[in-house]
Amino acid sequence: ISMCLILALLWLLSSVGHGLCQPPIHPPRGAEYVKTVAFPLLRCRQRVHLRVLDDKRATLSLAGIIEHAETLAFRVQAEQRIEFELSDVLTGIMGRYGARMVDARYDAVDDVAVVRVRIGLLRMVVPIRMPRNDQIA
């Protein structure tokens, strides 16, 4: 056995205790994450509301600049990255405003959903941290 293989096995075994090989943690079923983002330069607001239906589906509701709601499929990947695909309708609506969702993550420690949106008009990527909202019925 080569020294590289032994070192790789030792690293892998040591990483198990540090959470590097842990399975992804899903957001709780029924959890709702809400955030209203203000864009002072544009004098407008956008409300983002995400409701987890189960381990594979969620509803996304937008109110403000963009008015839209849809159910989307998602998968939690390594490092809590969330893989998802928006509908062609929502992708088209966002495209008209020069916006697109870059990526999403679930922070299991703080129970926060984080979505990064690129806004072409402002030439910036805006992280939207959506805390869990237990007040919604």
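Since the structure is a predicted model, every value I quote is computed from it. I shall begin with the charged pairs.

How many salt bridges does the structure hold? There are 5, and I shall discuss three of them here.

Consider the pair formed by Arg51 and Glu32, whose side chains meet in a salt bridge with an N to O distance of 3.4 Å. This pair joins distant parts of the chain: Arg51 belongs to strand E2, residues 44-52, Glu32 belongs to strand E1, residues 32-39, and 19 residues separate the two. Arg51, at 34% relative accessibility, is partly exposed.

Next is the pair of Asp110 and Arg129, where the closest N and O atoms lie 4.0 Å apart. Here too distant parts of the chain are linked: Asp110 sits in the loop between strand E6 (99-107) and strand E7 (112-119), Arg129 sits in strand E8 (residues 124-131), and the partners are 19 residues apart. Asp110 is partly exposed, with a relative accessible area of 49%. Arg129 is likewise partly exposed, at 41% relative accessibility.

Asp111 and Arg132 meet through their side chains in a salt bridge, at 3.0 Å from N to O. Asp111 lies in the loop between E6 and E7, whereas Arg132 lies in the segment after E8, 21 residues away, and the pair again links distant parts of the chain. Asp111 counts as buried, at 18% relative accessibility. Arg132, at 33%, counts as partly exposed.

I turn now to helix H2, which covers residues 88-96. Which of its residues are buried? They include Leu90, Ile93 and Met94. These three lie on the same side of H2, because they cover an arc of only 95 degrees around the axis. On the other side of H2, Asp88 and Arg96 are exposed. What covers the buried residues of the helix? The covering elements include strands E3, E4, E6 and E7. Just after H2, Gly98 takes a positive phi of about 70 degrees.

One of the strands covering the helix, E6, also contains Asp103. This aspartate counts as buried, at 14% relative accessibility. Setting aside its neighbours within four places in sequence, Asp103 is in contact with Arg81, Phe84, Val114, Val115 and Arg116.

The structure holds 1 cavity of 30 Å³ or more, and the largest cavity contains about 230 Å³ of space. Its lining is made up of 20 residues, and those closest to its centre are Leu50, Leu72, Ile82, Ala104 and Val115. The elements contributing two or more residues to this lining are E2, strand E3 (57-64), strand E4 (68-76), strand E5 (81-84), E6 and E7. Which element supplies the largest share? That is E6, with 4 residues.

Finally, let us consider the open space. The largest pocket holds about 340 Å³. Of the 18 residues lining this pocket, Phe39, Ile65, Ile66, Ala99 and Ile119 are the closest to its centre. At least two lining residues come from each of E1, E2, E6, E7 and E8. Strand E7 gives the most to the pocket lining, with 3 residues. The pocket lining divides into 17 nonpolar residues, 1 polar residue and no charged residues.

Thank you for your attention.

Terms used. Residues are numbered from 1 along each chain as its sequence is written. This is a predicted model: local features need pLDDT of at least 70, side-chain atom pairs count only at pLDDT 80 or more; totals for chains, interfaces and linings use all residues. Side-chain values use heavy atoms; hydrogens and water are left out. Buried means under 20% relative accessible area, exposed over 50%, partly exposed in between (1.4 Å probe, protein chains only). On a 1 Å grid over the protein atoms alone, a cavity is a set of points where a 1.4 Å probe fits but cannot get out, and a pocket is an open set with protein on both sides within 12 Å along at least five of seven lines; lining residues have an atom within 4 Å of a point. Grid points are joined across faces, edges and corners, and a volume is the space filled by probe spheres set on the points. The arc is that of the directions from the helix axis to the C-beta atoms. Contact means heavy atoms within 4.5 Å. Ala, Val, Leu, Ile, Met, Phe, Trp, Tyr, Cys and Pro count as nonpolar, Asp, Glu, Lys and Arg as charged, and the others, Gly among them, as polar.
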